[in-house]
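Morning, everyone. Please bring up the structure, and I'll walk you through it.

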Amino acid sequence: MGTYYSAKEMLLKFQGYWKKFHPELGEFHKNWLLKNGQVRPMVKGETVVAAEDRQSAIYIVLAGLLVKQRYCPHRNRYNIMNVALPHMGIFTTIHFYSKSPALGDISCLRSGLLLKIPYKAIIPYRQNETAIDTLVNLLINKQKHQLDHLRVMGSIPNVTERYFYFADYLPHLYSALNIREQSDLLLISESSVHRAKRLYLTRRTKN
């Protein structure tokens, strides 16, 4: 049996998270979210949005784990491009004001709940409604923070050093992903991940 998630409960939890960053959150904002946000379940292995789909929306994780990934023929498996943990989002386009589909499929890695908000519900409030602006900027900055670190990792040729950087600077991903998933994110073999993880745990114990 999978974990049961109440849509109402998870939406209230998300509103509480939003309120931490914008304490003046009011009924207007809650009603805006209820009117424009579509809560839907996601199942492990499901392709939520295929690369060729034409959508303009943000998918926010309420529970579970979402990834953007691309199939890599020479590895015969998917490469994970970025990850959305709970209260993080993935955009369906290259950037918020773009109409070009984002590279890769948006897929479910852990079953849970998603909140879909179309861009058309956000654009009228950008720059003139601080609570909604705060929410969108928060999602953008979280994704940028992760992508910046992934870009740095991609420039580290030594796989052990790359793994140490990953574990030190993206600890939430380190904790959330299993060995295979870490391999698909870091683009190193699973055996290399095993070795690097043992070394990392030994180093952490000594420290």
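First, the ground rules. This is a predicted model, where local features need pLDDT of at least 70, side-chain atom pairs count only at pLDDT 80 or more, and totals for chains, interfaces and linings use all residues. Residues are numbered from 1 along each chain as its sequence is written, and side-chain values use heavy atoms, with hydrogens and water left out.

Start with helix 8, residues 190-206. Helices here are DSSP runs of H or I with at least four residues, strands are runs of E with at least two, and both are numbered from the N terminus. Helix 8 has 17 residues and reaches 24 Å from first C-alpha to last. That is close to the expected 24 Å, which is 1.5 Å times one less than the number of residues.

Which residues of helix 8 are buried? Ser-192, Val-193, Ala-196 and Tyr-200. They sit on the same side of helix 8, because they cover an arc of only 95 degrees around the axis. The arc is taken over the directions from the helix axis to the C-beta atoms. Buried means under 20% relative accessible area, exposed over 50%, partly exposed in between, with a 1.4 Å probe and protein chains only. Facing away from the buried side are the exposed Arg-198, Thr-205 and Lys-206. The cover over the buried residues includes helix 5 (159-169), helix 6 (171-176) and helix 7 (179-186).

Now the pair. Helix 5 and helix 7 pack at about 110 degrees, axes 12 Å apart. Axes are lines fitted to C-alpha atoms over the stretch in contact, and angles run from 0 to 180 degrees between N-to-C directions. Helix 5 and helix 7 are therefore roughly perpendicular, a label that covers 65 to 115 degrees. Helix 5 brings Arg-162, Tyr-163 and Phe-166 to the contact, and helix 7 brings Gln-182, Leu-185 and Leu-186. Contact means heavy atoms within 4.5 Å.

Next, backbone. Most residues other than glycine have a negative phi. Asn-76 has a positive phi of about 55 degrees. It lies in the loop between strand 3 (57-72) and strand 4 (77-84), and is exposed at 58%. Leu-187 also has a positive phi, near 60 degrees. It is in the loop between helix 7 and helix 8, partly exposed at 48%.

Last, Ile-117 in strand 6 (residues 105-118). It is buried, at 2% relative accessible area. Asn-36 is 81 residues away in sequence, yet 6.1 Å away C-alpha to C-alpha. Not counting residues up to four places away in sequence, Ile-117 touches several residues, including Trp-32, Leu-33, Ile-58 and Ile-122.

Methods:
Parallel < 35°, antiparallel > 145°, perpendicular 65-115°, else oblique.
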